[in-house]
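Let's take a short walk through this model together. Please have the structure open as you read.

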Amino acid sequence: MSLSSAHGQGAKKVIQLTGVVTAGDSLLGIPGASVYIPKAGRGTNTNEYGYFSLPVLAGDSVVFSSLGYAKQSLVIPERFEKDSYSIIIEMLEDPTMLPEIRVFPYATFRDFTKAVLAMKSPIEDIDHENAMSQQILDQMFRNTPMDATSNHQNYMNLQNQHQMRRGGYNPGATNPLLDPFKWYKVIKGIKSGEFKRE
């Protein structure tokens, strides 16, 4: 049985409802908004641009909802003649404050308080006689190898020092050309004539 013959026998006409659900007057689509027909128990959600498409029957009531917005409803006219119906739904903001929910691992706050008060401190569990001495900890620190980050940093420092030595700079030795006091002696010797040939 076709849709046209079903319509002719008194059944309601099927209409393709399409549209965009927007945030107020901004015309920015609301993604994930719910488009629902309560009487039929079916619906859809808008895509990332706020667009939706849903087959409805003439006379159906369609509800539009999204978190943070007031619900909107639309009734499809009983005697709508066309096969498609396009709309733009402007949702109005409706921020609702949800009540605070406290989650505890115990049935009541009193049980939680008793459990916290019954806990032992980690310091109480330490056996001071068998605790490691500072000397053993220092020895472990000296003998523990470097981790990956420290190893890489050490390698990069060695590479940097190698490049500086190749360029003529040795951080361990002083360069006489960079010593201002030696330059002063050389200039003073030139002015006094110490370097003149006899």
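We begin with a strand and its partners, then visit a loop and a helix.

The model is predicted, so local features need pLDDT of at least 70 and side-chain atom pairs count only at pLDDT 80 or more, while totals for chains, interfaces and linings use all residues. Residues are numbered from 1 along each chain as its sequence is written, and side-chain values use heavy atoms, with hydrogens and water left out.

Start at strand β2, residues 34-37; strands are DSSP runs of E, at least two residues long, and helices are runs of H or I of at least four, numbered from the N terminus. In a regular strand the side chains alternate between the two faces of the sheet. In β2, V35 and I37 make up the covered face, with S34 and Y36 on the uncovered one. Two strands pair if DSSP finds at least two bridges between them. β2 pairs with β3 (residues 42-45) in the antiparallel sense over 4 bridges, and S34 stands opposite N45. The two form a hairpin with 4 residues between them, where G41 in the turn has a positive phi of about 70°. β2 also runs antiparallel to β5, joined by 3 bridges; here Y36 has V63 as its bridge partner.

Leaving aside residues up to four places away in sequence, Y69 touches A23, I30, M91, L92, E93 and D94, a contact being heavy atoms within 4.5 Å.

Finally, look at helix α2 (residues 109-118), where F109 and F112 are 3 residues apart, so about one helical turn separates them.

Key:
Buried < 20%, exposed > 50% of the residue type's maximum accessible area, 1.4 Å probe, protein only.
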